[in-house]
Amino acid sequence: MTIMFLKLTSTVYLVILLAIFLPTDQILAQEYFCSTGIKYNVWAGIKNNKDVMSAQKFLVKEKYLTTTPTGNFFDLTKTAVYNWQVNNGLNPTGVVGSLTRQAMNYKICRNVGESSVEYHLSPSVPVGILASSTKAVVLNVPLFEQSYPLSCEVASLQMALAYKGLAVSQEILAEEIGISAPFGQSVVGGKLVWGDPDEAFVGDIKGYMRKLNGDFIGATGWGVNNGPVGKLAAVYRPGSVAKKQAEVEDIKKALDQNKPVIFWHVRGGQPGVDFKYSTLAGKSVTMVQDHVALIVGYVEKPGLTIYLINDPQFGRIYLPEAVFLTWWGAYNNDMVIIS
């Protein structure tokens, strides 16, 4: 994917992520930010961080925070973020995720004019995506941020259930999926042992999947595969089903029937450093840097199909089928259809 930086002023840039094979009017994502803005997502527990400092300065200016900005994200900052989200129509998580970050940056950088960033619920589809389409299926699914660094699975399920009229928090969904023992990595009989993602969540949903140097050793959390998510989805929405090695037509058929689809994938399509370990039962597991999001529609054009994705970490994205299939195929074409 090509990253283009278009300079708008001396301090403000419009970042446009474009697939190198797409016409320039088919934008996958875009966002305004400036030198005083928030570049990366931040959440409780982060210390001595310039993006936390930027968020705190903004919250002080907005009169949601009365303490001096420190760059440390603790309870007072979390409460301030939560209250700001409530009053600005965002899913109140207390986390400065992609949507909250974009919304804050819009106000921080508003001197450059109107932004086209979508940070509200149920984002509309850009006209350029729909232009010349022969078929467009778009489910009006609310877009929620993930509450924790590793809660993309339950956040995707939360969005799908909300679309079906069921309000369930990520905290409750995570509790119901459960944690596969052991909670942390341990050595048993000379083997590295951790949880089974086909049984429940592996590790700490509030933790991290990999170290900054890209090494999985020392990860405190990972995630959960589609089996347990499918079982939980079926409790709330009977008829929901998990599928492995699914086909793209399975997705289109589900969306045609008003059923959003959760899909497991590897962003970029190429797994990075993998990490092998054993479960307590002796099962061999290979952990990769995967992600989970919700498919909410597709648009067919002559020679091109684009999938509409509600991503709980990156916001609304639009993937051409070739890219989508590469990402999805890197994690076994796993999915859950929400009935």
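The crossing of helices α6 and α7 is right-handed (the near helix is turned clockwise from the far one by less than a right angle). This is a predicted model, where local features need pLDDT of at least 70, side-chain atom pairs count only at pLDDT 80 or more, and totals for chains, interfaces and linings use all residues. Numbering starts from 1 along each chain as its sequence is written, and side-chain values use heavy atoms, without hydrogens or water.

The axes of α6 (residues 170-177) and α7 (residues 226-236) come within 10 Å and cross at roughly 115 degrees. Axes are lines fitted to C-alpha atoms over the stretch in contact, with angles from 0 to 180 degrees between N-to-C directions. Helices are DSSP runs (H or I, at least four residues). I172, L173, E176 and I177 of α6 meet P228, V229, L232 and Y236 of α7 (heavy atoms within 4.5 Å).

Aromatic pairs number eight. Ring centres of Phe, Tyr or Trp (its six-membered ring) must lie within 6.5 Å; planes under 30 degrees apart are stacked, over 60 edge-to-face, the rest tilted.

| Pair | Centre to centre | Plane angle | Class |
|---|---|---|---|
| F58 and W84 | 5.4 Å | 75 degrees | edge-to-face |
| F275 and Y277 | 5.9 Å | 40 degrees | tilted |

F58 sits in α1 (residues 50-61) and W84 in α2 (residues 75-87), 26 residues apart. Both are buried (under 20% relative accessible area, 1.4 Å probe, protein chains only). F275 is buried at 4% relative accessibility, and Y277 is buried at 3%.

F263, Y298, Y307, F324 and W328 form one aromatic cluster.

Notes
Helix = DSSP H or I, 4+ residues; strand = E, 2+ residues; numbered from the N terminus. Buried < 20%, exposed > 50% of the residue type's maximum accessible area, 1.4 Å probe, protein only.
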